[in-house]
Amino acid sequence: MFYPYYFDPTYLLIIIGVVLSLLASARLRSTYAKYSRVRSRTGMTGAQAAERLLHAEGIYDVRIEHISGNLTDHYSPNEKVLRLSDGVYNSTSVAAIGVAAHECGHAVQHKENYVPLKIRGSMVPAVNIGAQLSWPLILIGIIFGSAGFLVQLGIILFSLTVLFQLVTLPVEFNASSRALAALQRHNILYAEEAKSTRKVLKAAALTYVAAAAASILQLLRLLLLFGGRRNDD
């Protein structure tokens with residue numbers, strides 16, 4: 001049954017997803033802020049740690065660049081560029097080194113043709129299309145009540161985003177595991193420092209889990225609202 005929006009009980013699913021995302025983001029910010037004040041005993045910056053880790057893994061064709069913003073760090077497989085944010089590039093904190101090492105983990109995944117990373121990369125074009133068209137199609141289908149197939153198509157396209165986020169989870173978890181192991185293996189962090197870094201990376205991983213959960217709840221809401229629409233028309 002389709003409920004008027006002003007008292008639609010399925011909004012509860014959206015609220016739960018928003019709350020999960022806000023809690024995960026708040027935990028990441030507080031954890032990162034806490035350990036960004038803890039200087040590593042080696043005194044290495046995030047950029048220096050990233051360079052050392054990449055070279056230790058035999059990776060010499062990945063550039064390390066500075067990018068503005070906060071926690072905007074990422075690795076671009078197509079460009080072979082590892083970009084580190086303002087609070088990571090020149091910082092000597094255990095939090096910054098952990099984030100830099102995590103992005104190095106993605107570079108190592110790329111070098112080793114890590115299957116989940118390849119799957120995620122192959123999904124990007126379809127996911128981008130789905131992200132742009134899913135909600136317009138759903139809204140057009142709602143406005144023109146006889147165009148239920150547009151709603152169904154929109155839901156299918158939105159489900160690509162959900163699938164992409166699910167595939168992202170093992171990619172991010174694996175990158176963090178590689179990072180923590182490499183930091184200690186190459187003597188960049190001491191054992192007690194690695195425990196602090198682990199907390200930062202765990203908090204970051206929770207944001208991906210929360211985002212996936214929120215998308216799943218949104219998809220569930222769409223299915224509850226419109227899953228049987230074709231039969232009702």
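1. Definition of exposure. A residue is called buried under 20% relative accessible area, exposed over 50%, and partly exposed in between, with a 1.4 Å probe and protein chains only. By that rule Arg 63, with a relative accessible area of 46%, is partly exposed.

2. Basis of the note. The model is predicted, so that local features need pLDDT of at least 70 and side-chain atom pairs count only at pLDDT 80 or more, while totals for chains, interfaces and linings use all residues. Residues are numbered from 1 along each chain as its sequence is written, and side-chain values use heavy atoms, with hydrogens and water left out.

3. Overall layout. The protein chain has eight helices and three strands, in the order α-α-β-β-β-α-α-α-α-α-α along the sequence. Helices (H or I, at least four residues) and strands (E, at least two) are DSSP runs numbered from the N terminus. The C-alpha trace spans about 65 × 35 × 25 Å along its principal axes. Of the 233 residues, 45% count as buried.

4. Largest pocket. The volume of the largest pocket is about 720 Å³. Its lining has 30 residues, and the closest to the centre are Glu 103, His 106, Arg 120, Glu 172 and Tyr 208. Two or more lining residues come from each of β2 (74-76), α4 (94-111), α5 (115-143), α6 (148-185) and α7 (191-226). A pocket here is an open set of points on a 1 Å grid over the protein atoms alone, where a 1.4 Å probe fits, with protein on both sides within 12 Å along at least five of seven lines; lining residues have an atom within 4 Å of a point. Points are joined across faces, edges and corners, and the volume is the space filled by probe spheres set on them.

5. The lining residues divide into twelve nonpolar, 13 polar and five charged. In this count Ala, Val, Leu, Ile, Met, Phe, Trp, Tyr, Cys and Pro are nonpolar, Asp, Glu, Lys and Arg are charged, and the others, Gly among them, are polar.

6. Nonpolar surface patch. Tyr 11, Leu 12, Ile 15, Ile 16, Val 19, Leu 20 and Leu 23 form a nonpolar patch on the surface, with about 610 Å² of accessible area together. Leu 12 is in helix α1 (residues 11-35), and Leu 20 also lies in helix α1. Leu 20 is partly exposed at 34% relative accessibility; its C-alpha is 5.6 Å from that of Ala 210, 190 residues apart in sequence. Patch residues have over 30% relative accessible area and no salt bridge, and nonpolar side chains (Val, Leu, Ile, Met, Phe, Trp, Tyr) are joined within 5 Å, like charges within 9 Å. Areas come from the Shrake-Rupley method with a 1.4 Å probe, and for residues only the protein chains shown count as cover.

7. Salt bridge between Glu 192 and Arg 41. The whole structure holds eight salt bridges, each a side-chain nitrogen of Lys or Arg within 4 Å of a carboxyl oxygen of Asp or Glu. In the pair Glu 192 and Arg 41, the closest N and O atoms are 2.4 Å apart. Glu 192 is in helix α7 and Arg 41 in the loop between α1 and α2 (46-56), 151 residues apart, so that the pair links distant parts of the chain. Glu 192 is partly exposed at 43% relative accessibility, whereas Arg 41 is exposed at 51%.

8. Arg 39. The loop between α1 and α2 also holds Arg 39, which is exposed with a relative accessible area of 55%. The C-alpha atoms of Arg 39 and Ile 97 are separated by 9.7 Å, at 58 residues apart along the chain.

9. Salt bridges around the strands. Asp 61 and Lys 80 form a salt bridge (2.6 Å, N to O). Asp 61 lies in the loop between α2 and β1 (63-66) and Lys 80 in the loop between β2 and β3 (81-84), so the pair ties together parts 19 residues apart in sequence. Asp 61 is partly exposed, at 45%. Glu 65 and Arg 63 form another salt bridge (2.9 Å, N to O), and salt bridges that share partners join Arg 63, Glu 65, Glu 79 and Arg 83 into one network.

10. Backbone points to check. Most residues other than glycine have a negative phi. Lys 80, not a glycine, has a positive phi of about 55° and is partly exposed at 31% relative accessibility. Asn 113 has a positive phi near 55°; this residue is in the loop between α4 and α5 and is partly exposed at 47%.
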